[in-house]
Protein chains: 2
Amino acid sequence: MNLMEFLTPLTEVAKRSGPEGTIVISSRVRLARNLKGFAFPGWASKHDRIKALELMRPAVENLPQMKESFSAGMEELDNLDKQILVERHLISREHASKSAGSAVVFSKGEIYSVMINEEDHLRMQVILPGLQLEECWEKIDEVDTILEKQLDYAFSPKYGYLTACPTNLGTAIRVSAMVHLPGLVLAEQINQVIQAVNKLGLAVRGLFGEGTDALGNVFQISNQQTLGEDENRIVDRLSKVVAQIIEHENNARAILLEKKKKIVLNHIGRAYGILSNAYSISSKEALNLLSLFKLGIDYGFFPDVPRSLAEELFLICQPAHLQKMSANPMEPEERDILRADILRERLKGVKGPVLK
Amino acid sequence: MNLMEFLTPLTEVAKRSGPEGTIVISSRVRLARNLKGFAFPGWASKHDRIKALELMRPAVENLPQMKESFSAGMEELDNLDKQILVERHLISREHASKSAGSAVVFSKGEIYSVMINEEDHLRMQVILPGLQLEECWEKIDEVDTILEKQLDYAFSPKYGYLTACPTNLGTAIRVSAMVHLPGLVLAEQINQVIQAVNKLGLAVRGLFGEGTDALGNVFQISNQQTLGEDENRIVDRLSKVVAQIIEHENNARAILLEKKKKIVLNHIGRAYGILSNAYSISSKEALNLLSLFKLGIDYGFFPDVPRSLAEELFLICQPAHLQKMSANPMEPEERDILRADILRERLKGVKGPVLK
């Protein structure tokens, strides 16, 4: 099956939106599960990993949620396809380095996705656009309930679900929201917010999770704790914190517009000016400037420009997606040139920011 | 007399061009002269300075070259007017700090200009557009010959013209060319060229002479030595060196275009993008970006854009000229905003750079 043909076209992905969609890009809940009687993937022999995979893969593929799905052993995917899946947040960067003995299965439309033999035997997730953490939890809970009937999970009555890493023990749930916070960054309040969120026992990470940069002012807020609190409380707590972050971001944007209009316009104007005139631009710079372009659209500085244009360019500008647009493999410098060519072309009809 | 009404409008200044005008902005020759029997201005009492001034000023004002001229004691000019004269290269930054006892006289069209009681009693200069060092020398020599008949110069048969600073002793001539060298800067060859020029006993300075930055990639090449060589040889030697620098600059531009077209376009595109979309921009940044815009015009990347537009914006972007465009005194931050407003407005009809 051709991966690119199966994946939702970026133009459509870019148009997806959900509740609080201006700030919350997506919501995600993932569960980690392991099989009783099998070593965790990191400790297992290749033979045992394949045995476990053969047990799990049909169960996952046969889920009603996976009626129309893409399923592949990691050895079947080339590096570029793996990177595409990382950029779509369908597999982790760690899973991309896996080969035979590991697999990925995800549904048409990419709401449901399951990594088999990543760090745990099963890592299943639901992603929805906007702030829909509860909906994500309900959907992944349904998947889990079905799989639990067919697979013998490693479960301790005392600790809950057993996981390869003790930080996931218990509910083994990770609830996260991907939020776009250019206002808090420009207002230099982001560090305060991150500290406050950390104090509540929640983690703030970059665009691709643990240890990654907040490229394009995109932050991932997630629970740290998986033990001693049930899933509904975790989801509820995170939803409330995200609601507060949205409020802070909206406040920051309003105050910036009221008190520092010219400074904000200056940032946004320069970002637009570079995006629409550069002849070479790195992924990192492009994502950071597109964040400001998106903020400009949110502010109404670019009348008639749909927000989805910025979202689509944000997705296209990532290295693997960009490579897919060229017939030949490219060096990073060549990608930077192609990226700039695409941005100039797509921004041709867009005029610089203006005050309403 | 109103200074701004007397000065050539910037639109006209920007259109001036001379031989090798793409690279050589202007040529200048200045002579330092002092009166016998009067202490140098720096050592003289205010009373003596005024006595010397009263002797020199009528002589200067009555020069045929000054038939239509602006003449003012430094105490008659406010700080802003003085800065305007500095930005037009009609007086030095040092002279701008002078008050009663010092004066400036310059001709309509600003070719001839004389500072009275700067570091020396007389500092007379001729500026012409493009590479015209010999013409400058001939013209200032005529002025000097007339003045010498009326004023008793301090002259030593052994050393030549005596000056306040020994580095000017002898011919007391400074021959200089203002050159725009973005190609050598982009090609990272500028330091080599500066070193080579220094080895020939010539100085390379910034836009406003000694101790100033090469803002906007504009360099001032001038002679260091004033003793032991006659004026014609000094002018001739500098002309030859400037001709070589022009050749190096043209070579650098050609090689950049041939081998690093995308990199050059990237620099120029980004410069244009920021200039035409920023809402706040400092003088320094604007001059540096306008240098790249000018290079883009020279390369033909902006068809139908006259070079004089970039020249005019370059002049307007300087702090004092910008302040003159506003009715009220402005803080630096307000100037940065007005500068950006003017740039956006003036670049509205200009499209981004394209390859021919």
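Buried residues are those under 20% relative accessible area, exposed ones those over 50%, and partly exposed ones those in between (1.4 Å probe, protein chains only). The structure is a predicted model, in which local features need pLDDT of at least 70, side-chain atom pairs count only at pLDDT 80 or more, and totals for chains, interfaces and linings use all residues. Residues are numbered from 1 along each chain as its sequence is written, and side-chain values use heavy atoms, with hydrogens and water left out.

**Helix 4 of chain A**

Helices (H or I, at least four residues) and strands (E, at least two) are DSSP runs numbered from the N terminus. In helix 4 (residues 79-87) of chain A, the buried residues are A:Asp81, A:Lys82, A:Ile84, A:Leu85, A:Val86 and A:Glu87. Their cover includes helix 1 (3-6), helix 5 (93-96), strand 3 (103-107) and helix 13 (319-323) of chain A. After helix 4 of chain A comes A:His89, with a positive phi near 60°.

**Salt bridges**

A salt bridge places a side-chain nitrogen of Lys or Arg within 4 Å of a carboxyl oxygen of Asp or Glu. The structure holds 46 of them over all chains, and the count between chain A and chain B is 4. The table lists examples.

| Residue pair | N to O distance |
|---|---|
| A:Lys262 and B:Asp341 | 3.8 Å |
| B:Lys262 and A:Asp341 | 3.8 Å |
| B:Glu118 and B:Arg123 | 3.7 Å |
| B:Arg253 and B:Glu249 | 2.6 Å |

A:Lys262 is partly exposed, at 31% relative accessible area, as is B:Asp341, at 24%. By contrast, B:Arg253 is buried at 6% relative accessibility and B:Glu249 at 0%. B:Arg253 and B:Glu249 lie 4 residues apart in helix 9 (residues 231-259) of chain B, so about one helical turn separates them. In chain A, a network of salt bridges links A:Glu249, A:Arg253, A:Lys294, A:Asp298, A:Arg307 and A:Glu311.

Methods:
Chains are lettered from A and ligands numbered from 1 in the order in which they are written. Contact means heavy atoms within 4.5 Å.
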